[in-house]
Amino acid sequence: MIASLSRRALVGLALLLAAGTASHGQEDGPREPSRATEAEKLAVVANAIDGFIRPGYAQFHDHAAAAASAMDSLCSEPGDTALQDARDRFADLAASWSRIEFVRFGPVMDDNRLEKILFFPDRRGIALRQIQGILGGEDETATTQQRLADKSVAVQGLGALEFVLHGTDAETLATDQSAFRCTYGRAIARNLASIAGELDAAWAADAGIAARLTAPDAADPAWRSAEDSLQEIVGVFIHGFEAIRDLRLRPAMGESAEAAKPNLFLFRRSELALASLRANFAGMNDLFAASKLAGLLPAPQAYLEDSILFEFANADRTLSELAPPLADVASEPDKRQGLTYLLIVTDSLQSQFAEQVSPILGLSAGFSALDGD
């Protein structure tokens with residue numbers, strides 16, 4: 001596998017250089033801007049909403065409800081089977097969120113929902129200290145969904161539920177010796193199901209966010225034009241790949257195997273870091289296909305569609321050849337070549353959307369997804 005990754009890395013770099021040379025040749029003259037009409041731009045926005053965003057949040061809602069139900073069963077009748085089912089439902093929930101998490105506009109940005117669902121990165125270890133404090137002190141105010149929702153965002157989301165199910169002493173959930181831990185986990189799952197339901201309902205409604213995006217108005221403070229709405233869709237790719245590269249991969253990988261910090265991988269306790277990354281890429285691939293964004297590109301730049309699809313395929317192939325846990329992959333020199341190549345692919349995808357697709361469509365790259373982190 002390592003030999004094939006090494007060969008692919010060389011081939012991939014060669015193809016990237018070749019693509020750069022080809023595109024340079026095609027761009028010797030002024031770059032041709034897209035002549036897409038307002039109706040065509042808004043059609044892409046509608047495609048993204050109906051083909052990806054709405055079903056994405058609906059799936060997240062379904063999996064959150066299933067996770068809450070599994071926690072109910074575990075707390076009612078603890079045992080190895082019930083614990084494994086709760087962990088399986090958590091894995092489904094984490095993957096469904098990873099598919100949709102980079103849609104960072106609209107209802108998910110209200111009431112701190114984004115941070116309540118996933119508080120990451122946590123560079124100061126705030127979440128771990130607070131979660132351990134709740135468990136160690138058996139804080140009863142964290143045992144109902146309503147009261148938990150008023151607490152710190154660090155103790156009520158996917159990271160907290162992961163620690164309950166996979167952190168220190170999690171195996172006690174299979175016995176009758178961990179009633180408080182289970183009750184806290186159940187409150188987390190119910191809170192996530194409540195937030196997921198709010199997001200699902202907000203996007204499913206004919207009025208509200210969907211109407212504002214597909215029928216922008218000059219009086220709207222956020223989406224005054226078709227370009228504003230389209231900017232949100234393109235921004236999912238620009239800032240999503242930036243976050244994967246600079247928050248998900250680089251901090252944990254370090255500059256070398258010796259300098260790796262594998263504890264910084266998201267979902268490392270549950271060994272779902274790799275599954276989450278695969279869902280990130282799969283979600284954005286599906287958004288690209290569902291939106292038909294490439295249809296807005298002028299003929300001289302139509303090649304970008306194949307270039308982007310080529311890199312999505314490279315990412316999928318590379319991820320499929322990696323084996324969890326990613327902690328081992330990052331820390332062993334003979335294994336981390338796949339992650340190094342994934343960084344190259346991620347950077348290529350981010351650059352294509354930010355430096356080529358966006359300006360061709362008359363859009364700006366926008367603020368950094370990492371601002372303020």
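Predicted model: local features only at pLDDT ≥ 70, side-chain atom pairs only at ≥ 80, totals over all residues.
Close-up 1. Most residues other than glycine have a negative phi. Is D111 buried or exposed? With a relative accessible area of 53%, D111 is exposed, because the cut-off for exposed is over 50%.

**Close-up 2. F267, another residue with a positive phi.** Look for F267 in the loop between helix 10 (226-253) and helix 11 (273-291). Its phi is about 60°, although F267 is not a glycine. F267 is buried: its relative accessible area is 2%, and buried means under 20%.

**Close-up 3. The cis peptide bond from F120 to P121.** Here you can find P121 in the loop between helix 4 (113-117) and helix 5. Most peptide bonds are trans. The bond from F120 to P121 is cis, and its omega is near 0°.

**Close-up 4. The cis peptide bond from P324 to P325.** Two prolines are joined here, with omega near 0°. Where is P325? P325 belongs to the loop between helix 12 (303-320) and helix 13 (326-331).

**Close-up 5. R129 and V155, 26 residues apart in sequence.** Start at R129, which is part of helix 5 (residues 126-137). R129 is exposed, and its relative accessible area is 53%. Now find V155: from C-alpha to C-alpha, R129 and V155 are 9.5 Å apart in space.

Note on methods:
Residues numbered from 1 in each chain as written. Heavy atoms only, no water. Helix = DSSP H or I, 4+ residues; strand = E, 2+ residues; numbered from the N terminus. Buried < 20%, exposed > 50% of the residue type's maximum accessible area, 1.4 Å probe, protein only.
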